[in-house]
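Hi everyone, thanks for making time today. I'd like to walk you through one model, from its surface to its core and then to its side-chain pairs. Have a look at it first.

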Amino acid sequence: MDRDAEQLNLLAIFHYVVAGLAALFSFFPLLYTAVGVIFIFAARHGTAKPDEELPPEFLGWIFAVLGSALFVLGIAMAICVLIAGRSLALRKRYSFALVIACIECLFVPFGTILGVFTIVVLSRGSVKALFELAQTTG
């Protein structure tokens, strides 16, 4: 049981680190949003040179909406990974931590490694017993 608790604590720490990295990388799609805003501004207020056309405004909207949606999705995933790490530390929300571990496997390379190790640890009967014990006591 002591080894399981130690591994769960380590997994919780690694989930915090991956959540921070996910939050950091989720800011990159905001570059698409900025490009989209520039396209929208250029289409509305720009003047084209002879024999050149301005970018269409709808292209700017596509970039802006796509960048914003990817940013929100990235932040939401980072928050879910953070909550899963906290769940592992507190030995609560077993199913949530397992589902997030499965989803993390999609994010190569760190998410895959962390997701697989989390699934392996959470699959043990002794770890399930730790979660059940924490649920009944607290």
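Let's begin on the outside. Leu10, Ile13, Phe14, Tyr16, Val17, Leu21, Leu24, Phe25, Phe28, Leu31, Leu82 and Phe110 make up a nonpolar surface patch, and together they have about 1,200 Å² of accessible area. For a patch we take residues with over 30% relative accessible area and no salt bridge, joining like charges within 9 Å and nonpolar side chains (Val, Leu, Ile, Met, Phe, Trp, Tyr) within 5 Å. Areas are from the Shrake-Rupley method with a 1.4 Å probe, and for residues only the protein chains shown count as cover.

A quick word on provenance: this is a predicted model, so local features need pLDDT of at least 70 and side-chain atom pairs count only at pLDDT 80 or more, while totals for chains, interfaces and linings use all residues. Residues are numbered from 1 along each chain as its sequence is written, and side-chain values use heavy atoms, with hydrogens and water left out.

Which helix gives the largest share of that patch? Helix 1, residues 2-25, with eight residues. Helices here are DSSP runs (H or I, at least four residues; strands would be E, at least two), numbered from the N terminus. Phe28, another patch member, sits in the loop between helix 1 and helix 2 (30-45). Phe28 counts as partly exposed because its relative accessibility is 47%; our classes are buried under 20%, exposed over 50% and partly exposed in between, with a 1.4 Å probe and protein chains only.

Now inside. The largest nonpolar core has 18 residues, and those with the most contacts within it are Leu8, Val81, Leu88, Leu122, Val127 and Phe131. At least two core residues each come from helix 1, helix 3 (57-90), helix 4 (94-104), helix 5 (110-122) and helix 6 (125-137). Helix 1 gives the largest share here too, five residues. By core I mean buried Ala, Val, Leu, Ile, Met, Phe, Trp, Tyr and Cys residues joined through side-chain atoms within 4.5 Å. What does Leu8 touch, leaving out residues up to four places away in sequence? Its partners are Leu88, Arg91, Val121, Leu122, Val127, Leu130 and Phe131, where contact means heavy atoms within 4.5 Å.

Helix 3 also holds Gly74, which is buried at 17% relative accessibility. With the sequence neighbours up to four places away left out, Gly74 touches Ala22 and Ser26.

On to charges. The whole structure has two salt bridges, each a Lys or Arg side-chain nitrogen within 4 Å of an Asp or Glu carboxyl oxygen. One joins Asp4 and Arg124 at 2.7 Å, N to O. That pair links distant parts of the chain, 120 residues apart: Asp4 in helix 1 and Arg124 in the loop between helix 5 and helix 6. Asp4 is buried at 4%, whereas Arg124 is partly exposed at 22%. Arg44 and Glu57 form a salt bridge too, with closest N and O atoms 2.7 Å apart. Arg44 is in helix 2 and Glu57 in helix 3, 13 residues apart.
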